[in-house]
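Dear colleague,

I am handing over the structure we spoke about, and below it you will find notes on what turned up when I went through it. Please read them with the sequence and the coordinates open beside you.

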Amino acid sequence: MDTTTQPNAGMDSGLAALDVAVRRDLEIIRYPRKEWVPPMERDGRRVLDVAIIGAGQGGLATAFALKRNNITNVRIFDRAAKGGEGPWVTFARMITLRTPKYVTGPDLGVPSLTPRSWYEAQFGAEAWEKLDKIPRGQWQDYLDWYRDILDLPVANDHDFQGVTWENGLLRLTFRCPDGATHVHYARKLVLATGIEGCGSWHVPDFIRDGLPRARYAHTSENIDFAALKGKRIGVLGAGASAFDNAATALEEGAGSVTLCLRRKEIPSINPYRWMENTGFLAYYPALPDDLRWGFMRRIFELNQPPPQDTFWRCRRHENFSFRTGCPWTGARMDGDEIVVDSPTGEMRFDFVIIGTGFTTDLSRRPETKSFASSVALWGDRYTAPAGAESAVLESYPYLGENYQFLPRRADDALAPMLANIHNFTFSATPSMGLSGASISGMRFGVERLAHGLGRDLYVADGRQHLESLLSYDVPELVSLDPPVA
C-alpha cells in the first residue's frame, strides 16, 4: 500500500505548471492544424462523425486520439455521473492497480500527459520512485484530470438504449435520469464499455434460483460490507476480484471468509506480464486465426491470478480460509442459513459473494442486442483442432482489422451497419489482443482504432475530398513584381 501520497503545499502549483506544459506540448505537435471531415446533417442537426459509448479510460483515450487526428466532431456518452465512470471508484476493490506503475496508455506518447508526470507534479519525483503501484482512487483522479485538461466532450448521465440503422446512419437512443429520451445520429460508433461490454456479469443459475436476492452479490455490484460485520461469508471464484472482495469483507469485520475455487491450485502465473511486449501488443492482430486461437486459449487457461499483495491482504487474517478443488454445485436456504453444496462437503454461510466473471453474449446488452444475431463469432469463423476446443472463445465476436463487427453472413442486411460499429471492449481480446479494457495494451489499441476510424471516414468521403482539391484556388504566389526594399 502506498504511503507517500500525502498532499503538500505545492500540489496545486505543481498541477498548474503541468497543465501549462501539457498545453505547450500539444501546441508543438499540433500538425496538421485543420479539420478535414466534411460536415453532414440529418433532420437539421449535425451528425456526429464518431460517437463513443463509455467515458472510462478507453473512451477518453479514443477521443483524444481522434482529436489529435483532427477528427473533432466527436462525443462521448456515459450513463454515470461525472467522476463515476468505469470501475475505479465504484466496484473495484483492489488497493492499487495491478499493472506496473511505468505502464503508459492514455497519454499516447505525450510525456506531460503520462501518469508519472501527473503524479510527480503533486507528490514529487522521490515519491514516484518509492511508489510500488498507483492506488486505484488516484487512477480515477488522473483520468478526471486527463479529461479536463484535454477538454474532451463527455455527456454524462446518458444511458445508451441501443442503435439502429437508418438511411445509412447509426441512430442512437439515450435515456437520461429525468426520463427524457434523446436521439443522436452518428457515422461511426465505438463501444468502450469495459470488461463486460459484450455480455453480462455471470451468476450461476443455482445461486439465482436457490437464494433470496438479498443474500448474495456479484463482485461487480455495490455491497454493504459494513452490514456483513460478524457474518460468515462465502466467496466463489479464483480471480483477483474474488480475493479483493474477500479482503474487503475481512477488513470490514466479517466473522469469517471462506473462498472456494474449482481449480486444484490457485492460479499463480500472470499472462499479462508476458503480453507486455511490443511484438504482441502491436502486431498480434496480424497473426492467422490458428495462432491467435493458440495464444488466447493459453491466456484464458492461465487466467489472471491475485497479485501477491492481494493474497497477503487476505491471508493476514486468521479468519480467512480457502478451499481448492471445491466448486459449488448447489445452494439453498435452511432457516436463516445459506447451505452450499460442494464435492468436499456442505458449507454454511450468512452471505455469499460471487466472483465468477462474465458471460460473453451480445444479446444480453442493450448496446448490441438489436444486431446480436447478425454478428460473426469466433465459433462461426474458426474450427479448432481436436483437443484445442474452447466454448468460451467460440462465444467471442470475430472482429475486422479496425475492431469493427463482421456479419455472420455476407448478404446480411445489417452488414453496412456492423462495419460502422467498433468493439473496443474486453471481448475484442481474441481478435485484437489487449486494447481498450486494458491499460497495458491501450496505447497500441487506441492508435490502431483511431487510424481505422479516420481511414474509413476519409475513404467514404473520397469524392468530396477530390472535389475540394479540384475547386481549390487559394493562390500562394501573389506577386510577380520585385520585392519591396
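**Salt bridges, domains and backbone**

The structure holds 32 salt bridges, a salt bridge being a side-chain nitrogen of Lys or Arg within 4 Å of a carboxyl oxygen of Asp or Glu. Please keep in mind that this is a predicted model, in which local features need pLDDT of at least 70 and side-chain atom pairs count only at pLDDT 80 or more, while totals for chains, interfaces and linings use all residues. Residues are numbered from 1 along each chain as its sequence is written, and side-chain values use heavy atoms, with hydrogens and water left out.

Among the salt bridges is the one that glutamate 85 forms with arginine 147, where the closest N and O atoms are 2.8 Å apart. Glutamate 85 sits in the loop between strand 4 (74–77) and helix 3 (115–123), and arginine 147 in helix 5 (residues 136–149), so the pair ties together parts that are 62 residues apart in sequence. Helices (H or I, at least four residues) and strands (E, at least two) are DSSP runs, numbered from the N terminus. Glutamate 85 and arginine 147 are both buried; here buried means under 20% relative accessible area, exposed means over 50%, and partly exposed lies in between (1.4 Å probe, protein chains only).

Another salt bridge joins the side chains of arginine 298 and glutamate 301, at 2.6 Å from N to O. Both of these residues belong to helix 10 (residues 289–302), where they are 3 residues apart, about one turn of the helix. Arginine 298 counts as partly exposed because its relative accessibility is 45%, and glutamate 301 is likewise partly exposed, with a relative accessible area of 41%. The side chains of glutamate 276 and arginine 273 also meet in a salt bridge, at 2.7 Å from N to O; glutamate 276 is partly exposed at 24% relative accessibility, and arginine 273 is partly exposed at 32%.

Turning to the domains, the assignment gives domain 1 (10–198 + 361–464) and domain 2 (203–268 + 305–356), with bounds that come from an automatic or database domain assignment. The C-alpha centres of domain 1 and domain 2 lie 33 Å apart. Where the two meet, 8 residues of domain 1 are in contact with 15 residues of domain 2, contact meaning heavy atoms within 4.5 Å. Between them, domain 1 and domain 2 bury about 790 Å², of which 42% is on carbon and sulfur atoms; this buried area is the accessible area (1.4 Å probe) that two parts lose on being put together, summed over both. Phe91, Arg93 and Arg98 supply 74% of the area that domain 1 buries against domain 2, more than any other three residues.

Across this interface the rule finds 1 salt bridge. The side chains of aspartate 244 and arginine 98 also meet in a salt bridge, at 2.3 Å from N to O.

Glutamine 57, for its part, is in helix 2 (residues 57–68) and is buried, with a relative accessible area of 9%. Its side chain is joined to that of tryptophan 139 by a polar contact of 3.0 Å, a polar contact being a pair of N or O atoms within 3.5 Å, where within protein one must be able to donate a hydrogen and the other to accept it, and residues adjacent in sequence count only if both atoms are side-chain atoms. Not counting residues up to four places away in sequence, glutamine 57 touches Trp88, Trp139, Leu143, Gly436, Ala437, Ser438, Ile439 and Met442.

Finally, some points of the backbone deserve a look. Most residues other than glycine have a negative phi, and most peptide bonds are trans. The peptide bond from tyrosine 31 to proline 32, however, is cis, with omega near -10°, and proline 32 is placed in the loop between helix 1 (11–28) and strand 1 (41–42). Asparagine 167 has a positive phi of about 50° although it is not a glycine; asparagine 167 is found in the loop between strand 6 (159–166) and strand 7 (169–175), and it counts as exposed at 68% relative accessibility. Tyrosine 403 has a positive phi near 70° and lies in the loop between helix 13 (391–394) and helix 14 (415–418), where tyrosine 403 is buried, with a relative accessible area of 0%.
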